[in-house]
Amino acid sequence: MTNAMPALFLSHGAPPLVDSDLWVSQLAKWAGDLPRPKAILMVSAHWESAPLTIGSTTTGTPLVYDFGGFPERFYRTTYESPGAPELAAQVVSLMPDDETVSHQPHRGLDHGAYVPLTVMYPDADIPVLQISLPTLDPQRLLHLGERLRPLREQGVLIVGSGFTTHGLPFLRDPSPDAKAPGWSSEFDAWADERLAAGDVDSLIDFRSLAPGMPYAHPTIEHFAPLFVTLGASSDPEQIPRQVIDGFWMGLAKRSIQVA
């Protein structure tokens with residue numbers, strides 16, 4: 001797969017992350033260093049739906065503003081990327097014959113998908129398809145990533161969009177440059193070490209093994225997309241390139257790229 005697109009796991013954050021000059025510069029540079037994708041397949045923490053569900057394949061479907069309490073300008077964001085019906089058909093073809101695939105043709109991109117894309121590909125000129133998280137089981141998500149892996153050879157950028165820590169109920173300082181709580185920094189350091197060791201088994205068992213739990217992930221949907229990304233790699237036990245680290249609002253921004 002030497003000419004295949006990489007696969008990414010990125011910490012996407014809430015809509016106000018686009019006001020972080022550091023995050024914007026890091027994400028824009030990352031995208032600029034990648035080969036240009038023919039299409040993008042997004043798996044976001046903000047869409048859990050079983051069975052596997054395919055979102056809109058039509059250009060111009062309205063975005064899903066799945067958040068509250070932010071300034072009005074964040075509800076006026078648009079991202080009219082081209083629809084990707086061919087990619088949707090390929091995804092369906094890669095699923096087992098006995099596995100149901102559902103469709104929600106009127107569901108647009110949620111903020112876990114479009115917020116990073118507005119920074120990475122601001123011209124919105126690359127076809128984008130979002131699919132749901134059909135499960136939160138890490139092993140099953142690895143298998144899903146494995147099934148999607150052939151898409152990378154066709155120029156598709158597979159992106160798992162979550163957050164390395166997401167303990168929102170336990171944050172005491174909501175400012176962007178807040179010091180990371182112990183549970184966040186400890187979980188992030190553990191994830192850094194396990195990724196650097198290619199220790200997929202420990203990552204799968206993060207709920208039992210990782211320090212900072214369950215505070216780092218009181219619900220686990222924001223760590224789950226990592227396993228789709230690892231499964232889509234040529235070798236889930238490879239040592240990924242850790243492209244972004246640090247914290248925003250005390251939450252770990254660690255983001256990786258796999259070949």
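Helices, of at least four residues, and strands, of at least two, are runs assigned by DSSP and numbered from the N terminus. The exercises below use this predicted model.

**Exercise 1.** State how many helices and strands the protein has, and decide whether its radius of gyration agrees or disagrees with that of a compact globule.

*Solution.* Begin with the secondary structure, where the protein has eight helices and ten strands. Next, take the chain length of 259 residues, for which a compact globule would have a radius of gyration near 18 Å. The protein has 17 Å, and therefore the value agrees with the globule rule. As a further description, the C-alpha trace spans about 45 × 45 × 35 Å along its principal axes, and buried residues make up 56% of the 259 residues.

**Exercise 2.** Classify the ring pair formed by Tyr65 and Phe67 as stacked, tilted or edge-to-face, and then say whether each residue is buried, partly exposed or exposed.

*Solution.* A search of the whole structure finds 14 aromatic pairs. In the pair of Tyr65 and Phe67, the ring centres lie 6.3 Å apart, which is within the limit of 6.5 Å, and the planes meet at 85 degrees, which is over 60, so the pair is edge-to-face. Turning to accessibility, Tyr65 has a relative value of 30% and so counts as partly exposed, whereas Phe67, at 15%, is under the 20% cut-off and is therefore buried. Both residues belong to one aromatic cluster, together with Phe70, Phe74, Tyr75 and Tyr114.

**Exercise 3.** Find which residue lies over the face of Trp47.

*Solution.* The residue is Arg107, which lies over the face of Trp47 at 4.1 Å from the ring centre.

Conventions. Residues are numbered from 1 along each chain as its sequence is written. This is a predicted model: local features need pLDDT of at least 70, side-chain atom pairs count only at pLDDT 80 or more; totals for chains, interfaces and linings use all residues. Side-chain values use heavy atoms; hydrogens and water are left out. Rings of Phe, Tyr and Trp (its six-membered ring) pair if their centres lie within 6.5 Å; planes under 30 degrees apart count as stacked, over 60 as edge-to-face and the rest as tilted. Buried means under 20% relative accessible area, exposed over 50%, partly exposed in between (1.4 Å probe, protein chains only). A charge sits over a ring if NZ of Lys or CZ of Arg is within 6 Å of the ring centre and within 35 degrees of the ring normal. The radius of gyration is taken over C-alpha atoms; the globule rule is 2.2 Å times the number of residues to the power 0.38.
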